[in-house]
Amino acid sequence: MTPHQGSCHCGAISLELRDSPPDAGSCNCSICRRIGALWHHCSPSLITVSGEGEGYVQGDKSITIWRCSTCGNVTHWTVLDDPTYDRMAVNLRMFEPDLWQDLPLRLIDGASF
């Protein structure tokens, strides 16, 4: 399978996704609903992030949400409090729409946590 290539708007952060997402996650927590991200959750071993961004830690301090320091696009999140947790998420909106536009939408009730 050919990896999927994505990037923030200005191209300072590039993303390579080595799997095809089965769905797109839309979370209703206080930050995700404002970001408008469509999340794909997977092992960090399946994603390469190149470039440096700025991290934001919010709420329960379990994840860092990363954005480009130039254009401001939110690109992904990584786990903060448990380095053995084999999961992160990439914002599918950083990829061409043909990757994600026809995927089933999975609603994530992050507001209830």
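Which residue takes a positive phi in the hairpin of β6 and β7? I found G59, with phi near 55 degrees, and five residues between the strands.

Ground rules first. I'm in a predicted model, where local features need pLDDT of at least 70 and side-chain atom pairs count only at pLDDT 80 or more, while totals for chains, interfaces and linings use all residues. Residues are numbered from 1 along each chain as its sequence is written, and side-chain values use heavy atoms, leaving out hydrogens and water.

E54 stands opposite R67 in β7. (Strands are DSSP runs of E, at least two residues, numbered from the N terminus; two of them pair if DSSP finds at least two bridges between them.)

Sheet: I traced an open, antiparallel sheet of three strands, in the order β1-β2-β5. β1 (4–7) and β5 (47–50) are its edge strands, each pairing on one side only. β2 (residues 14–17) joins β5 over four antiparallel bridges, and S14 has S50 as its bridge partner there.

Rings: I searched the whole structure for aromatic pairs and got zero; the test was Phe, Tyr and Trp (six-membered ring) centres within 6.5 Å, with planes under 30 degrees apart stacked, over 60 edge-to-face and the rest tilted. I did find R93 over the face of W100, at 5.1 Å from the ring centre. That call needs NZ of Lys or CZ of Arg within 6 Å of the ring centre and within 35 degrees of the ring normal.
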